[in-house]
Amino acid sequence: MFNLHKNHRNLVAISFVVFVLLSLFIAVMPAYQLQEVSPLPDQPELTTSELNGLHIFISEGCVACHTQQVRNIEMDKMWGSRPSIPSDYYYSKQRLDVWRQSPSLLGSERTGPDLTNVGVRQPADQWHLLHLYNPRSVVDESIMPAYPWLFEGKENPGQKDVVVPVPAKFLKSDKTKIIATKEAMDLVAYLQSLKQAPMPSTSTSEFIPSTKKKEVAALGEKSMLPDGEQLYMQTCVACHQANGQGLVGAFPPLAGSKIVNDENPEMMIQIILMGYDAREEYAVMVGFADQLTDEEIAAIANHERTSWGNNAPKITVEEVTKIRSYTLSLNK
Amino acid sequence: MFLSCLKMNSRKFSYLFVMMAMLLPNLVFAQSAPNPENWLTSPGIIGTFFLIAIVLIIAIVIALFRASSYIGTVKAKKLNAEKMAFNEDLIGLSESEIDEILLKRKQALKFKLAGEELGSAEQALDEKGLVSKVSHDPGAPLVDEKRKSPLIFETPPDLKKIIIFYLGASVFWLVFGTLVGQYVGMKFVWPDMDHVAWLSFGRLRPVHTNTVFWGWASMAMIGLGYFVIARTSNTTIHSYKWAWTAWWFLNLSVLMGNYFLMIGINNGGGEYREYIWPITLIFALGLVITFFNYYKTVANRKISEIYISNWYILAALIWTIVLVTIGYIPTYQDGLGETVIQGYYMHQGVGMWFMTFTLGLTYYYLPSSLNKPIYSYSLGVLAFWTQMLFYTMIGSHHFVFSPLPWWLQTVAIVFSAGMFIPVVAGTTNFLMTMKGSWNHISKSYVLPFFLVGVVFYFVGSTQGSLQAFRFTNYVWHFTDFNVAHSHMTMYGIISFLLWASIYAILPKITGKEPKQLFVGVHFWMAFIGLFAYMISMMAGGTLRGLSWIEGNYFIQSVVLMKPYWVWRAIGGSLMFLSHLMFAYNFYVMTRRPLVLADQTKKLDTITA
């Protein structure tokens, strides 16, 4: 009928038309539909500084190694409290400007960690600045590129300058102090803004569980607690380091710390819950009251109290619960 | 008899396809429950192991072919030695024995030929140039002498120049693009190699991918396409001027695109869509011009049939123009709309552009370098339409378990499995064309490239389909396994087939051949390098995925990958070195006739 073997016009026209139809069905139509979502009720809009940070994030090609999607499978639980939904991208995935399109934030490689919830997981500005100046200064094994061009060196920093406490090992000269530029501050602001907005209570979005058999917990109270070391490695290690030594000038050591080794755990638990900003020589610590359950805090605290030469008595979940309600009532 | 046999075969194939199509849903939906405990027995993983084994076995077979020819020469030496021993026996003979032998010999020597016993008194002259080489030293080379290109096509000088310039640009971009690739690969091992903004990983990675895509492969394809279009239409190219304009547009866009990427201006980070729209517009114009030039040439053809290569080549151009247009129109790309388009664009960029075009080239260059017709025209047509139908639908398999609609992911997975049909059809067609000519492999420097390319076409594409299954995706997604897959396809299939085509055609139009040893060096370094690259990334990627499933903290999986990244850098270095070798071979094949004149002069003095 079309005589495709001999009629070049028909051949090209048919392959063109069919391909366009298929493309409309599989790409353009679903794309249109997916635009029609609204943001979640408690989802904040990006501030100007955060938006600038997003532009730098795209310019430097961070998306090549960092995804921003929590998949609906159990292994992705460590990156967020719920699977990502289209609304999550309402503000961040808009056209950047005339020249550049909506950023490809979902990513396709996790050479580095997923960033969906990094603002919750890693809330310290100082840590992010150090990490951007040279990732090896806070994470020994990291292979992330360093971004020294987002910083400048000054011998006498002014009052407004944000000085980054870079360890001497990573400095070229002892005299210059490393100052975060506006770009670095914007980028950190963007990273801090990455938090999963809470879902309205009516919705049901859950992880597909792995069919892997769960290890049956051994009897006894001890094993009822989650694995403290693992939680420490997920939540605390970035600043306090795997060996508990912290970083000189940035994050205090936990090994040999008076607070950690104190028989009375009250101060220690309070700091974990509410954060700490009493010592000038160290960066500010933020509180983890919203992120960690009493069981998790107890597990982490016990790990810290019995590792790296520390030798303090273990604490129970009940103690944490008591300190939490007491501390929260004080703060009200 | 032969024809009916062919018909039988193609009917059998169509039964096979129908059966496979019926099995597909079972295959795909059986994947839904991820169970990492017996990951080794999952069909996707077993299938992948099987596929890699195929390549390995074929490599071993090629190596064995080479080895057996070497053993042959060793045996010949042994025979020689036996003859020597025989001579020594002669010396030990007694006098009366010798006398008897000599007497017989004397009589034999007296016999004289009249000179006409063989029916002719004419002098032996190689009038038709059948003897290609006279050697006084038939010693033992390590491998078989490669057959010289038997004929030289009369090519219009304008066309010759166009092809050489397109291929020359592609060689430049290959060397540049893989140098960058090599450099970013080393950054995984030494992250503090440099602290320069425009050399940082995030900026250079897209420079690598875009250069080898739009610089190397695209330029090589279009250059090789010009020859196919003109030759199979039995006519001249519609406009050489258009071809030059497109050449400038395409190169300019890659040059400017890379510059912008390095100064930190990219379109939004979507893979292969990193060039901002004004630059992609220049590239698209180059494609549009090329399409019309090809189309007009085919329209002016001097034969009634459109050769199957031209189906693929014209379609690749028209589909890619549609693809780029859809990929860059902004109205439906806010929020996750962009993600749908990204999946569609990055997959079709490979499937509709590189794969379709290169298949078209193979449909011409493979049979022509074997000097026989393609096995089945109809299988080629079947593969063509199924390629369009299945490939178009599978983009979203890059986003399995993502917030994209579940139905979109399922369609993508089902059609990924459907890709078996065009892949099996294409592979069968090429292998059946090569059937009966296997002994040519050790005698040709072109065919090993074709064989590896065709085998990877089957292995790489099928492995990709298996990777789209939900379980395999569960283990491999986001890991370096993806990187292995993309090199297996873009390098194993596209680059090897393009090299095969270049080595097949350039000597025929320039009359200058590369040294067979250097082509061999190119082949083996590229192949071994690719293998090291692929295996290290696959093994590392699998372990990394399992580590994530175990719930280990993330940095453990980085530490785990370190040795594999070192191996990848080693494989990558081999691949890069092979490209330098290829660049030199290209230079030998295209250097100016001045050198050729020199050579003939030398030949003259020898024969005189």
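Figure 1. Over residues 1–10 of chain B, pLDDT stays under 50. The model has three contacts beyond four places in sequence for this stretch. The structure shown is a predicted model. Residues 594–608 of chain B also keep a pLDDT under 50. For residues 594–608 of chain B, the model has three contacts beyond four places in sequence. Chain B as a whole has a mean pLDDT of 87. Of its residues, 88% reach 70 or more.

Figure 2. The average pLDDT of chain A is 86. In chain A, 94% of the residues score at least 70.

**Figure 3. Helix 9 and helix 10 of chain B.** Helix 9 of chain B spans residues 337–370, and helix 10 of chain B spans residues 377–392. Their axes come within 10 Å and cross at roughly 170°. Helix 9 of chain B is therefore roughly antiparallel to helix 10 of chain B. On the helix 9 side, the contact includes Tyr344(B), His347(B), Met352(B), Met355(B), Leu359(B) and Tyr363(B). On the helix 10 side, Gly380(B), Ala383(B), Gln387(B), Met388(B), Tyr391(B) and Thr392(B) take part. The contact residues divide into nine nonpolar and seven polar, with no charged residues.

**Figure 4. Helix 1 of chain A meets helix 7 of chain B.** From helix 1 of chain A come His8(A), Arg9(A) and Val12(A). They meet Phe291(B), Tyr295(B), Val298(B) and Ala299(B) in helix 7 of chain B. By class, this contact has five nonpolar residues, one polar and one charged.

**Figure 5. The second largest cavity.** The structure holds six cavities of 30 Å³ or more.

**Figure 6. The lining of the second largest cavity.** Helix 5 (201–233) and helix 9 of chain B each supply at least two residues of this lining. Helix 9 of chain B gives the largest share, four residues. Sorted by class, the lining has eight nonpolar, ten polar and four charged residues.

How values were computed: Residues numbered from 1 in each chain as written. Chains lettered and ligands numbered in written order. Predicted model: local features only at pLDDT ≥ 70, side-chain atom pairs only at ≥ 80, totals over all residues. Heavy atoms only, no water. Axes fitted to C-alpha atoms, helices over the stretch in contact; angles between N-to-C directions. Parallel < 35°, antiparallel > 145°, perpendicular 65-115°, else oblique. Contact = heavy atoms within 4.5 Å. Nonpolar A, V, L, I, M, F, W, Y, C, P; charged D, E, K, R; others polar. pLDDT = per-residue confidence, 0-100. 1 Å grid on protein atoms, 1.4 Å probe; cavity = no way out; pocket = protein on both sides within 12 Å on 5 of 7 lines; lining within 4 Å. Points joined across faces, edges and corners; volume = space filled by probe spheres on them.
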